[in-house]
Amino acid sequence: MLPIYNQVQLIGRAGHDVELLTLTDGSHRATLRLYQNHCTTAAADDRQIHSLIAWNSLATQLEAKVRRGDQLLVQGRLLHRKLELGGQAFMKSEIHLSCFTVLSSCSVTRSVGIVAEPATETYRSHE
């Protein structure tokens, strides 16, 4: 059995379309915010927002498959970065994805124009 030291698994909705960047070395980096509401009557203050990061082939799969409002199951590692902005130091938490699954889609298929039920398929990093 593999040791699991730092693993996070979350279910939530995509807050926006995936932002995909191609870096100077040719690798891909995708960013996405995942929104969680613990209760259907929750106020906006009760939601939690998580920053997701995906790299290379997983980043391109995330950009191709996920749209704003899609419900996702994500799994990855929790990382904390110390940043300095205007002389103030603060910590930023990010989840670096190892795999994701689209559980339900709010988007409309682009080619046909009807609401589609996606096949539940898990996309994994091959690195």
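Analyst: Contact means heavy atoms within 4.5 Å. This is a predicted model, in which local features need pLDDT of at least 70 and side-chain atom pairs count only at pLDDT 80 or more, while totals for chains, interfaces and linings use all residues. Residues are numbered from 1 along each chain as its sequence is written, and side-chain values use heavy atoms, with hydrogens and water left out.

User: In what order do the elements of the protein run from the N terminus on?

Analyst: Helices (H or I, at least four residues) and strands (E, at least two) are DSSP runs, numbered from the N terminus. The protein has 1 helix and 7 strands. From the N terminus on, their order is β-β-β-β-α-β-β-β.

User: What percentage of the 127 residues in the protein is buried?

Analyst: Buried means under 20% relative accessible area, exposed means over 50%, and partly exposed lies in between (1.4 Å probe, protein chains only). Of the 127 residues in the protein, the buried share is 31%.

User: Which residues does Phe 100 touch, not counting residues up to four places away in sequence?

Analyst: Phe 100 is among the residues with the most contacts inside the largest nonpolar core. With residues up to four places away in sequence not counted, Phe 100 touches Leu 58, Gln 61, Leu 62, Lys 65, Val 66, Leu 73, Val 74, Glu 121, Thr 122 and Tyr 123.

User: Glu 121 is in contact with which residues, leaving aside its neighbours within four places in sequence?

Analyst: Glu 121 sits in the loop between E6 and strand E7 (122-124). Its relative accessibility is 42%, so Glu 121 counts as partly exposed. The C-alpha atoms of Glu 121 and Leu 103 are separated by 8.5 Å, and these residues are 18 apart along the chain. Apart from neighbours within four places in sequence, the contacts of Glu 121 are Phe 100, Thr 101 and Val 102.

User: What is the C-alpha to C-alpha distance between Thr 101 and Leu 72?

Analyst: Thr 101 is found in strand E6. Thr 101 counts as buried because its relative accessibility is 5%. Thr 101 and Leu 72 are 29 residues apart in sequence, and their C-alpha atoms are apart in space by 5.7 Å.

User: Within what arc do the buried residues of H1 fall, seen down the axis?

Analyst: The buried residues of H1 are Leu 58, Ala 59 and Leu 62. They line one face of the helix, because seen down the axis of H1 they fall within an arc (that of the directions from the helix axis to the C-beta atoms) of 105 degrees.

User: What covers the buried residues of H1?

Analyst: Those residues are Leu 58, Ala 59 and Leu 62. Their cover includes E2, E3, E4, E6 and E7.

User: What is the phi of Asn 56?

Analyst: Most residues other than glycine have a negative phi. Asn 56, in helix H1, is partly exposed because its relative accessible area is 24%. Although Asn 56 is not a glycine, its phi is positive, at about 55 degrees.

User: Which side chains meet in a salt bridge, and what is the N to O distance?

Analyst: A salt bridge is a side-chain nitrogen of Lys or Arg within 4 Å of a carboxyl oxygen of Asp or Glu, and the structure holds 1. The pair links distant parts of the chain, 13 residues apart, with Glu 94 in strand E6 and Arg 81 in strand E5. Glu 94 counts as buried because its relative accessibility is 3%, whereas Arg 81 is partly exposed because its relative accessible area is 36%. The side chains that meet are those of Glu 94 and Arg 81, with an N to O distance of 2.9 Å.

User: Is Thr 31 buried or exposed?

Analyst: Thr 31 lies in strand E3. Its contacts, leaving aside neighbours within four places in sequence, are His 16, Val 18, Glu 19, Leu 52 and Ile 53. The relative accessible area of Thr 31 is 17%, so Thr 31 is buried.

Note on methods:
Core = buried A, V, L, I, M, F, W, Y, C linked by side-chain atoms within 4.5 Å.
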